[in-house]
Amino acid sequence: THMIKVVSPAGTAVWPKLNEPDFRFDENGVYSVQLRMKKDECSELVEKLTAFHQQVHAAFSEDKGKKLKTADLPFKMVEDDEGKETGEVEFKFKLKAKTKTRSGEVYEKSPKIFDATGTPMNGEDIIGAGSTIKVASNVRGWYMPALGVGISLQIGAVQVIDLQRYEGGGGKTAQSWGFSKEEGFETVAPADAPTSGSDAADFDF
């Protein structure tokens with residue numbers, strides 16, 4: 001079968017949909033995350049995926065008796081607004097929440113989510129953008145006449161190294177909007193506001 005398993009290095013989660021599937025573009029729901037990391041930190045993973053893709057392409061081409069087209073790979077160099085490469089690579093991981101077999105049976109799948117120590121996480125900690133995670137995935141080869149031969153990174157499990165909680169509603173913290181601390185105006189915190197650092201007590205490291 002055209003499949004290998006890989007574990008990514010730790011990277012930064014972009015647009016994670018890992019706790020609940022997204023139904024916007026697929027009625028069966030899709031879990032997904034784009035994972036960003038520095039080029040030199042993921043060179044081994046890029047080599048492994050590229051070699052696997054070449055192997056799959058050769059196998060499908062041999063099977064069809066002709067050289068087939070090549071589909072886009074599930075990773076790309078990150079570019080800034082001016083089109084310059086930032087030195088980071090972004091990987092695209094997905095998992096369909098429901099799949100149907102040929103006989104009509106429906107299987108439901110969801111990523112297994114662990115904390116940094118390998119303990120399964122409770123469902124209340126929603127993985128937000130900016131979290132540092134590793135993704136274990138099944139890499140599958142596929143062929144579609146219109147697109148050619150490609151590979152997809154199917155999420156198996158996620159390890160959360162540093163959790164940035166998803167606040168919902170567009171983000172409730174300054175950090176979730178991308179602001180960092182600046183010198184200047186300071187508001188008076190309301191008396192019932194939790195003091196910073198209280199979240200650390202939730203973790204049992």
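**The core and its surroundings**

Tutor: Phe91 and Ile133 touch the most other members of the largest nonpolar core, which has 32 residues. Such a core joins buried Ala, Val, Leu, Ile, Met, Phe, Trp, Tyr and Cys through side-chain atoms within 4.5 Å. Buried is under 20% relative accessible area, exposed over 50%, partly exposed in between (1.4 Å probe, protein chains only). Six elements each supply at least two core residues: β2 (11-22), β3 (30-38), α1 (43-64), β5 (85-96), β9 (132-144) and β10 (148-162). The largest share is that of β10, with six residues.

A word on the model. It is predicted, so local features need pLDDT of at least 70 and side-chain atom pairs pLDDT 80 or more, whereas totals for chains, interfaces and linings use all residues. Numbering starts from 1 along each chain as its sequence is written, and side-chain values use heavy atoms, without hydrogens or water.

The protein chain has one helix and 10 strands (DSSP runs numbered from the N terminus: H or I of at least four residues, E of at least two). Read from the N terminus, the order is β-β-β-α-β-β-β-β-β-β-β. The chain has 205 residues, and 31% of them count as buried. Among contacts (heavy atoms within 4.5 Å) with a separation of 6 or more, 67% join residues 24 or more positions apart.

Serine 137 is buried because its relative accessibility is 3%. Beyond four places in sequence, serine 137 touches Ile4, Lys5 and Val6, among others. Phe93 is another partner of serine 137, and the list ends with Leu153, Gln154, Ile155 and Gly156.

Glycine 130 sits in the loop between β8 and β9. With 32% relative accessibility, glycine 130 counts as partly exposed. Its contacts beyond four places in sequence are Thr12, Ala13 and Gln164. The C-alpha atoms of glycine 130 and tryptophan 15 are 8.7 Å apart, across 115 residues of chain.

Next, the charged pairs. Side chains of opposite charge can pair when their charged atoms come close. There are four salt bridges here (Lys or Arg side-chain nitrogen within 4 Å of an Asp or Glu carboxyl oxygen). One of them pairs aspartate 125 with arginine 165, with 3.2 Å between the closest N and O atoms. This bridge links distant parts of the chain, 40 residues apart. Aspartate 125 is in the loop between β8 (112-114) and β9, while arginine 165 is in the segment after β10. Aspartate 125 counts as buried because its relative accessibility is 15%. Arginine 165, at 27% relative accessible area, is partly exposed.

Another bridge joins aspartate 22 and arginine 24, with closest N and O atoms 3.0 Å apart. Aspartate 22 is buried at 17% relative accessibility. Arginine 24 is exposed at 62%. Glutamate 82 and lysine 84 make a further bridge, where the closest N and O atoms are 3.9 Å apart. Both glutamate 82 and lysine 84 are exposed.

Last, the confidence. The chain averages a pLDDT (the predictor's per-residue confidence, from 0 to 100) of 87, and 84% of the residues score at least 70. The mean is highest in β3, at 97, and lowest in strand β6 (residues 98-100), at 90. Over residues 193-205 the pLDDT stays under 50. For that stretch the model has six contacts beyond four places in sequence.
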